[in-house]
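Student: I have not seen this structure before. Could you take me through it?

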Amino acid sequence: MSCEVCGGVPAGPVLLQSASSRILWWNHRKVNADLCGYCAERVYFDQQSRTLIQGWWGPLSALATIWFSIANFVRISEHRRFITTVENDGLQTSRPRAKITGNPVALVVSAIALFIIASLAVTVLNAPTPASESNPTSFNSTCWENTGGNSLKQVSCDSDSASYETYQVVSDPSLCADLYLEAGTQYACLQEKFG
Ligand SMILES: [Zn+2]
């Protein structure tokens, strides 16, 4: 078996893939061939570099990037185990190894992409949850009397002493225009009651 690209021996089968993002879709390139050590290393370096630079920029493509970059590494490692030498001026010498660390652009771009993905994940996980039925709503439309200082006492809304009423229950007190009451884990906004 000789290399399908350069005719060198020994050669063996290897599958190396790349992903590159497009605006709505992504491109998948695949080399599935019998290659010698030189050509396999060159294709590995090219496919891995393209994937790590161009692959991150879409949701499907980013998943393919994670999968291909791991799969390519596993497959080139297998190929290295089977094809240990390369032909060099008619002599068999030990096989060179391409390292992706030889492409700093791929490493920097991947670090940036992973940082963005991690930031998005944190943003999604920390997104405020909408108020659900289980949240306390018993503070809605209640009336309160100012008993002096900072203390309030709940009173009937028909009472003449009712000076404040609640108008909404929110998760963040800064959403209240002015005063608020703690209502369980939430806050009830207060407004002055007229009449
Ligand atoms: Zn070759």
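Tutor: We can begin with two helices, α1 and α3, whose crossing is left-handed. Helices here are DSSP runs of H or I with at least four residues, strands are runs of E with at least two, and both are numbered from the N terminus. This is a predicted model, in which local features need pLDDT of at least 70 and side-chain atom pairs count only at pLDDT 80 or more, while totals for chains, interfaces and linings use all residues. Residues are numbered from 1 along each chain as its sequence is written.

Student: What makes the crossing of α1 and α3 left-handed?

Tutor: A crossing is called left-handed if the near helix is turned anticlockwise from the far one by less than a right angle, and right-handed if clockwise. α1 and α3 pack at an angle of about 30°, and their crossing is left-handed.

Student: Which residues make the contact?

Tutor: Ser49, Leu52 and Ile53 of α1 meet Val105, Ala106, Val109 and Ser110 of α3; contact requires C-beta atoms, placed from the backbone, within 7 Å.

Student: Why is α3 said to lie largely in the open?

Tutor: A residue is buried if 20 or more other C-beta atoms lie within 10 Å of its own, exposed if 12 or fewer, and partly exposed in between. Of the 23 residues of α3, the number buried is 1, so α3 lies largely in the open.

Student: How do you know that the length of α3 agrees with its residue count?

Tutor: The expected span is 1.5 Å times one less than the number of residues. For α3 (residues 104–126) that gives 33 Å, and the end C-alpha atoms are 33 Å apart, which agrees.

Student: Which residues does Leu35 touch?

Tutor: Leaving out residues up to four places away in sequence, Leu35 touches Cys3, Glu4, Val5, Ala11, Val14, Ala40 and Val43.

Notes
Two residues are in contact if their C-beta atoms, placed from the backbone, lie within 7 Å. Axes are lines fitted to C-alpha atoms, for helices over the stretch in contact, and angles run from 0 to 180 degrees between N-to-C directions.
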